Amino acid sequence: MRDDGGVTSSGTPRPRLIATDLDGTLLRHDKTVSPRTVEALAAAEEAGIEVIFVTGRPARWMDVVSEHVHGHGLAICGNGATVVDLHRGSELVEVRPLPLEDATAVVGRMQLAVPGVSFAVERTTGFHHDPAYPPLHMDPAVEVAPVEKLLDAGMTGEAGPIVKLLAHHGELGPDDFLSLGRDTAGAHAEFTRSSPTALLEISGRGVSKASTLARRCARQGIRPEEVVAFGDMPNDLEMLGWAGTSYAMANAHPAVLAATGRRTASNEEDGVAVVIERLLAG
């Protein structure tokens, strides 16, 4: 039995860890953390509940929450590809890269199967993209060049390991593009998405928010049933399925709403804070 806020009222014990996505979940649309949410995160940590941010963002985009981290200071970035220490300026603690041979295979297969696809390469040292890829004005590329050059084996040592491969298409629907990517090259990598556009996020085999979170919890002796997770997009699905208690935001993707039994308010309405407050009160 659940109350209207989605919090169990059947005596479920307080969790040991809260895992939350950022964009569309913890952050408001203007990419800020509301005062109510800041207070709720601090109260959870004070009550002995660890909070960890689990996001598709690269480490260099974590300034938005770096002031709101307590305790260990760690965050899972790049859909599980990296673990960073926000107390040390997003210093890399762990990297689970996409092997060069798999990235090359993904590019080759998708270029044949999906005319019009363009690519970007996210490395530990920065962002690179081919000339057809839509530029990010907030995040200038380290290098713009054909993707074959960006994946050149000779660059690996100098440029750092590949964290994510990004594939963009200007005409396909986002979910159709995701299905096509998985069908085309799913044997070589993990495919997911979190953007409203046709933008695929491609990680090493077995790398996801869920798998990296599970590894961290195992090291601490935290069981899945002691974890509460929040998310809104397909790249959150594995994490929401792994955690013992999971909440979809009211603004979540239909697949997330369908797969997650519990709901909370939208990111604009402080949905994560709503649940944390009731967990602590209960």
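This note sets out points on selected residues, a cavity and an aromatic pair in a predicted model.

1. Basis of the values. The model is predicted, with local features requiring pLDDT of at least 70 and side-chain atom pairs counted only at pLDDT 80 or more, while totals for chains, interfaces and linings use all residues. Residues are numbered from 1 along each chain as its sequence is written, and side-chain values use heavy atoms, with hydrogens and water left out.

2. Asp-85. This residue belongs to strand β4, residues 82–85 (strands are DSSP runs of E with at least two residues, helices runs of H or I with at least four, numbered from the N terminus). Asp-85 has a relative accessible area of 11% and is therefore buried (buried means under 20% relative accessible area, exposed over 50% and partly exposed in between, with a 1.4 Å probe and protein chains only). Its side chain reaches the backbone nitrogen of His-87 at 2.9 Å. Not counting residues up to four places away in sequence, Asp-85 touches His-72, Gly-73, Leu-74, Ser-90, Glu-91 and Val-93 (contact means heavy atoms within 4.5 Å).

3. The cavity. A search of the whole structure finds one cavity of 30 Å³ or more; the largest cavity holds about 60 Å³ of space. (On a 1 Å grid over the protein atoms alone, a cavity is a set of points where a 1.4 Å probe fits but cannot get out, and lining residues have an atom within 4 Å of a point; grid points are joined across faces, edges and corners, and a volume is the space filled by probe spheres set on the points.) The lining of the largest cavity consists of Leu-41, Glu-45, Val-51, Ile-52, Phe-53, His-68, Val-69, His-70, His-72 and Leu-74. Both α2 (35–46) and β2 (50–54) supply at least two lining residues, and β2 gives the largest share, three residues. His-72 and Leu-74 of this lining are also among the residues touched by Asp-85.

4. Composition of the lining. By class, the lining of the largest cavity has six nonpolar, three polar and one charged residues. (Ala, Val, Leu, Ile, Met, Phe, Trp, Tyr, Cys and Pro count as nonpolar, Asp, Glu, Lys and Arg as charged, and the others, Gly among them, as polar.)

5. His-169. The loop between β9 (162–168) and α7 (174–185) contains His-169. With a relative accessible area of 8%, His-169 is buried. A polar atom of its side chain lies 2.8 Å from the backbone oxygen of Pro-115. Leaving aside neighbours within four places in sequence, His-169 is in contact with Val-114, Pro-115, Gly-116, Val-117, Phe-177 and Ala-198.

6. Ser-211. Helix α8 (residues 209–220) includes Ser-211. Its side chain has a polar atom 2.8 Å from the backbone oxygen of Gly-206. Not counting residues up to four places away in sequence, Ser-211 touches Arg-96 and Gly-206.

7. Aromatic pairs. The whole structure contains two aromatic pairs (rings of Phe, Tyr and Trp, the last by its six-membered ring, pair if their centres lie within 6.5 Å; planes under 30 degrees apart count as stacked, over 60 as edge-to-face and the rest as tilted). Phe-230 and Tyr-247 form a stacked pair, 5.4 Å centre to centre with 15 degrees between the planes. The pair links Phe-230 in strand β12 (residues 227–231) to Tyr-247 in strand β13 (residues 245–249), 17 residues apart. Phe-230 is buried at 0% relative accessible area, and Tyr-247 is buried at 1%.

Conventions: A polar contact is a pair of N or O atoms within 3.5 Å; within protein, one must be able to donate a hydrogen and the other to accept it, and residues adjacent in sequence count only if both atoms are side-chain atoms. On a 1 Å grid over the protein atoms alone, a cavity is a set of points where a 1.4 Å probe fits but cannot get out, and a pocket is an open set with protein on both sides within 12 Å along at least five of seven lines; lining residues have an atom within 4 Å of a point.
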